[in-house]
Amino acid sequence: MRSGPASRITPSVDAPGYAFLAQGRLFVAEPGAEPREVESKFADEYRARVRKIRKKQAWKEQGAGARFMRGGPLWGDDMDLEAVPVAFTGVAPGHAPGTVIYSVSTGVVGGVFLLDLASGEERRLFHSADHRIEHLATSPDHEVVACTLRGKGGTSSVAVMAADGSEIFEVTDGDVIDLAPSWLPKDAIEDPERRHQLVFQSAGIGRDAGGVFV
């Protein structure tokens, strides 16, 4: 099973809980309990829309509709909507006790959400068709969320956003793959006035004269 790094949940009791990703799915284990899978309302609604669109398109694959579609390029190549993946791409403890934040990507749109584990309420913080967000990171020392922002052409950068998802800024750039940001704890920072410090992994991209990966 392919898994992502576990993230501790900030619980309302002394024993810590944790959350982790496995094969694009999100699991949480609250204190004293076995891991359980978390379903996203956003993901469920997206799947429902896909099924509805797919049903409307079914005439193209049946009878005269199918023959019409095969007869020429009028409609072009239709995307198989059922094949569009819905995956959790990042998870981190929420700033409030008993909450987690996570990112979800459908391959078309993505977002960042806050989940209250007690009530099961999911709140959308950020939603975009332009950005694929991964590798969320939070810190108990401040309410800024770090993440990986996937770019076009295979690059990725580190970005930060406000805890309420109101704004997002790239803090690294270039023809590189920057991943997995993590906040330094305040006791590891020499200057207490500079408490927003990150570590991350980075790799340069090699390209040929035509700009293709090598």
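Two strands count as paired if DSSP finds at least two bridges between them. With that in hand, turn to this predicted model.

Start at β2 and β3, which are antiparallel and linked by five bridges. Within this pairing, Phe20 has Phe27 of β3 as its bridge partner. The two strands make a hairpin with two residues between them, and Gln23, in the turn, has a positive phi of about 55°.

On to the next strand. β3 also runs antiparallel to β4 (residues 36–38), to which three bridges join it. Four of the five residues of β3 are buried, so the strand is mostly covered, where buried means under 20% relative accessible area.

The largest nonpolar core has 15 residues, and Leu26 and Tyr102 touch the most other members. Two or more residues each come from β2 (17–22), β3 (25–29), β5 (87–93), β6 (99–105) and β7 (110–116). β6 gives the largest share, three residues.

What does Tyr102 contact beyond its neighbours within four places in sequence? Its contacts include Leu26, Phe88, Val91, Val112, Phe113, Leu115 and Leu136, and among them are also Ser40, Gly90, Gly111 and Glu122.

Terms used. Residues numbered from 1 in each chain as written. Predicted model: local features only at pLDDT ≥ 70, side-chain atom pairs only at ≥ 80, totals over all residues. Heavy atoms only, no water. Core = buried A, V, L, I, M, F, W, Y, C linked by side-chain atoms within 4.5 Å. Buried < 20%, exposed > 50% of the residue type's maximum accessible area, 1.4 Å probe, protein only. Contact = heavy atoms within 4.5 Å.
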